[in-house]
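Me: I would like to go through a structure with you. Could you take my questions one at a time?

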Amino acid sequence: MENVFDYEDIQLIPNKCIVDSRAECDTSVTLGKHTFKLPVVPANMQTIIDETIALKLAEEGYFYIMHRFQPETRMDFIRSMKNKNLISSISVGVKEEEFDFVDALKQETLVPDYITIDIAHGHSNSVIRMIQYIKEQLPDTFLIAGNVGTPEAVRELEHAGADATKVGIGPGKVCITKIKTGFGTGGWQLAALRWCAKAATKPIIADGGIRTHGDIAKSVRFGASMVMIGSLFAGHEESPGETVERDGKKYKEYFGSASEFQKGEKKNVEGKKMFVDYKGPLSDTLNEMEQDLQSSISYSGGSTLEAIRTVDYVMVKNSIFNGDKVY
Ligand SMILES: NC(=O)C1=CN([C@@H]2O[C@H](COP(=O)(O)OP(=O)(O)OC[C@H]3O[C@@H](n4cnc5c(N)ncnc54)[C@H](OP(=O)(O)O)[C@@H]3O)[C@@H](O)[C@H]2O)C=CC1
Ligand SMILES: Nc1nc2c(ncn2[C@@H]2O[C@H](COP(=O)(O)O)[C@@H](O)[C@H]2O)c(=O)[nH]1
């Protein structure tokens, strides 16, 4: 593959501004039947989202995807979100019991607005079978399937019935797939996104590797409808990971969904645990992301996210950070 690059190798080129204030720029995005404030979704991981955060995000008009690591709570969760007239968005795996779960949802006529099939290697028959089953049993659910890293995979999952695909194998901050298997999109996630987006006929969620707010605009430029983010959301007061204090400084725990800490055993471990700096309330980050993205839109010469999709860009030799790591 030619022209392989990642987020820090790219700068977007500004166009003449058409707004008088960044506040005029609209960062909203539509996915399925709903419109959300930002093209950003916190990762469906146990140290990133819990029911309290999901409720807050839904109430405030942000997209969310609940993780699948407490499967027994999912029915009640969907019910409670529906009772509050809020969107319901959950994750599933592909093992046998997940087919029973889909049956139970159908039986209870409890149709989640969004279901995400959350599997490491999404280009597989097990995921295709699950897509087909969910689409048969719960046709009104908006179905996101992943994760994948090639155009062939995007085409196959779309063909099986996925309404959106999630792209990113191994670029995550707590990912060790790239090291343990030698495979993935780690180090060239942005180029992989572009490659996949050329094949896609439905929305793509770019997943993993976002390290700065500018990377959100770059993802939109290279074909993402939405961006999934873990590490940048791990350090908040509300984040479910444990808070620890060392030498008077606070940190939050962040671990991979395929880590020993998540699995409770050392089998097929492809994730690690780390501690990220504590950074206060989640609402501050969401507000800052919105302001930064409004600014991105203004630089693109438009007033909506669409304007970013067509801006020119350059590849920057030796990274945009010029040796200064800012994150
Ligand atoms: N985005 C990414 O780069 C990655 C994300 N993850 C995250 O980790 C969590 C666990 O993922 P996952 O292990 O898929 O989920 P599960 O542990 O639920 O495994 C799902 C099924 O897929 C099988 N499976 C898993 N990996 C492979 C593979 N490489 N080839 C063939 N079959 C496979 C498993 O069998 P068996 O275990 O017996 O092989 C199991 O039957 C998810 O939340 C996922 O998103 C994990 C790694 C990479
Ligand atoms: N290879 C692994 N990838 C993982 C694991 N747990 C989660 N993830 C992926 O990372 C992103 C978040 O990336 P970040 O760079 O924003 O922190 C998440 O959405 C998953 O796709 C894991 O154990 N191994």
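Me: Is Asp118 buried or exposed?

Reply: Asp118 is buried, at a relative accessible area of 13%. Here buried means under 20% relative accessible area, exposed means over 50%, and partly exposed lies in between (1.4 Å probe, protein chains only).

Me: What should I know about the model and the numbering?

Reply: This is a predicted model, in which local features need pLDDT of at least 70 and side-chain atom pairs count only at pLDDT 80 or more, while totals for chains, interfaces and linings use all residues. Residues are numbered from 1 along each chain as its sequence is written, chains are lettered from A and ligands numbered from 1 in the order in which they are written, and side-chain values use heavy atoms, with hydrogens and water left out.

Me: Which residue does Asp118 meet in a salt bridge?

Reply: The partner is Arg68, with an N to O distance of 3.5 Å between the side chains. A salt bridge is a side-chain nitrogen of Lys or Arg within 4 Å of a carboxyl oxygen of Asp or Glu. This pair links distant parts of the chain, 50 residues apart: Arg68 sits in the loop between helix H1 (51-59) and helix H2 (74-83), and Asp118 in strand E6 (residues 114-118). Helices (H or I, at least four residues) and strands (E, at least two) are DSSP runs, numbered from the N terminus.

Me: And Arg68, how accessible is that one?

Reply: Arg68 is partly exposed, with a relative accessible area of 24%.

Me: How many salt bridges are there in the whole structure?

Reply: A search of the whole structure gives 10 salt bridges. One of them joins the side chains of Asp163 and Lys135 at 2.7 Å, N to O. That pair also links distant parts of the chain, 28 residues apart, with Asp163 in the loop between helix H5 (151-160) and strand E8 (164-167) and Lys135 in helix H4 (residues 125-137). Asp163 is buried, at 18% relative accessible area.

Me: Which residues form a network through shared partners?

Reply: Asp76, Arg79 and Glu108 are joined into one network by salt bridges that share partners.

Me: Changing topic: where is the cis peptide bond?

Reply: The cis peptide bond joins Gly146 and Asn147, with omega about 0°. Asn147 belongs to strand E7 (residues 142-148).

Me: What about Asp247?

Reply: Asp247 has a positive phi of about 50° although it is not a glycine. Asp247 is in the loop between strand E11 (243-246) and strand E12 (249-255) and is exposed, with a relative accessible area of 84%.

Me: Now the overall fold. How many helices and strands are in the chain?

Reply: The chain has 10 helices and 14 strands. Its radius of gyration is 19 Å, close to the 20 Å that the globule rule gives for 327 residues, so the chain is as compact as a globular protein of that length. The radius is taken over C-alpha atoms, and the rule is 2.2 Å times the number of residues to the power 0.38.

Me: What share of the residues is buried?

Reply: Buried residues make up 52% of the 327 residues in the chain.
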